[in-house]
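I opened the model and kept notes as I went. The entries follow in the order I looked things up.

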Amino acid sequence: MTARILIVDDDPAICEMTHLMLKGEGYQCEYALNVDQAIKKINNTLPDLLLVDWMMPKTDGIDLVLYLRNLPETADIPIIMLTAKDRENDKVKALELGCDDYMVKPFSKVELSARIKALLRRTKPHKQHKKISLGVYNIDPMMHRFTVDNQTINLSATEFRLLYFMMVNSNQVLSRPKILSHVWDRNKYIEERTVDVHIKRLRKLLRQYNADRVIETIRGVGYRFVHEQ
C-alpha cells in the first residue's frame, strides 16, 4: 500500500518541489499552505507521515504538532519538521514537543527521502511483537496502546518504539548507541542526543502518573526501565 504524505508549508514553491519529488518516488502526496488547511485535510484522510514547516503565519508548525500529539487518532503519525531554524535548542524543542525528526532548509532531497523511508519502515506494525505487562505498565504494539494503571498515555510513534524496546529489555542497562540501533533503525542522520531528548519527553508524560522514575539514567552509559519482579 502506497504511503500518504502531507506537506504543510506556507511557501508554495517548496510545496510544489517536495510534492513532485515525493510523487516521483511513488508516494501519494498533497500539501497545505497553513495549519487550518492541514487540519481539514487530516480530518478528511489521515496521512501516514507529515512534513511540517515551523514558521507559518497565524499558527505555526509547532502548534500543529502539539495539536496532533494530543489526539488519540493522530498521536502516532510520524512528523518531520522542515525549517530554516538551525540552532540546536530549536531542534531539541521540536523533538521534545513531539516531532520524530528535524531537518534544516535548504535540505538534501536524497537525505529527506532516506529519512522518510526510515520513519515509515519503523512505524509499520510488527506482528511478532507481543503485548508486555510489567505490573501497572502495559504496552500493546498492535493497538499502539500504552497504559499505566489502566490509564492510556498517548505516545508518538518514536516514543512508543523507544518505550517498547526498554520494556522488552526491562532492568537491563541500554546504551545510547544500542537504543539508536534498535529504535532508530541505524539511521546515520540521527545523533545520540536525540535519545536523551525523547527520554526527557517520556519522563514528562509519565510524571503525570507519578511513574517517571521507572526510567533510570545510568550516568555515562545510557538508560534502564526499572521493574521490580
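**Cysteines.** I started from the sulfur of C29. Its closest cysteine sulfur is in C15, 8.9 Å away, too far for a bond. I checked from the other end: for C15 the closest cysteine sulfur is in C29, at 8.9 Å. I count zero disulfides in the structure. This is a predicted model, so I am reading computed positions throughout. I also looked up burial. C15 is buried, with a relative accessible area of 0%. C29 is buried as well, at 15%.

**H19.** H19 sits in helix α1, residues 12-24. Buried or exposed, I asked of H19? H19 counts as buried, at 14% relative accessibility against a cut-off of 20%. Setting aside neighbours within four places in sequence, I find H19 in contact with I7, C29, E30 and Y31.

**Nonpolar cores.** Next I looked at how the nonpolar side chains group. In soluble globular proteins, such side chains tend to be buried together. The largest nonpolar core here has 31 residues. Which of them touch the most other members? I noted F146, M167, I179, I215 and F225. Two or more residues come from each of β6 (132-134), β7 (137-140), β8 (145-148), α6 (157-168), α7 (176-183), α8 and β12 (222-225). Helix α6 gives the largest share, seven residues.

Beyond four places in sequence, F146 touches Y137, N138, I139, Q151, T152, I153, L155, F160, L163, M167 and L206. A second, separate core holds 22 residues, including L6, V8, M81 and L97.

**Second largest pocket.** I turned to open space. The second largest pocket holds about 260 Å³. Its lining is made of L66, R69, N70, L97, I153, N154, R201, K204, L205, Q208 and Y209. Helices α3 (61-69) and α8 (193-207) each give two or more of these residues. What is the largest share of the lining, and which element gives it? It is three residues, from α8. By type, I sorted the lining into five nonpolar, three polar and three charged residues.

**Backbone exceptions.** Most residues other than glycine have a negative phi, and most peptide bonds are trans. K58 has a positive phi of about 65° and is not a glycine. K58 lies in the loop between β3 and α3. At 88% relative accessibility, K58 is exposed. N210 also has a positive phi, near 55°. I place N210 in the loop between α8 and β11 (215-218). N210 is exposed too, at 73%.

For peptide bonds, I logged the one from K105 to P106. This bond is cis, with omega near -10°. P106 is in the loop between β5 (101-104) and α5 (109-123).

**T45.** My last entry is a loop residue. T45 lies between α2 (35-44) and β3 (49-53). T45 is partly exposed, at 28% relative accessible area. How many residues separate T45 from R4 in sequence? The count is 41, yet their C-alpha atoms are 9.2 Å apart in space.

Conventions:
Residues numbered from 1 in each chain as written. Predicted model: local features only at pLDDT ≥ 70, side-chain atom pairs only at ≥ 80, totals over all residues. Heavy atoms only, no water. 1 Å grid on protein atoms, 1.4 Å probe; cavity = no way out; pocket = protein on both sides within 12 Å on 5 of 7 lines; lining within 4 Å. Points joined across faces, edges and corners; volume = space filled by probe spheres on them. Helix = DSSP H or I, 4+ residues; strand = E, 2+ residues; numbered from the N terminus. Nonpolar A, V, L, I, M, F, W, Y, C, P; charged D, E, K, R; others polar. Disulfide = S-S within 2.5 Å. Buried < 20%, exposed > 50% of the residue type's maximum accessible area, 1.4 Å probe, protein only. Core = buried A, V, L, I, M, F, W, Y, C linked by side-chain atoms within 4.5 Å. Contact = heavy atoms within 4.5 Å.
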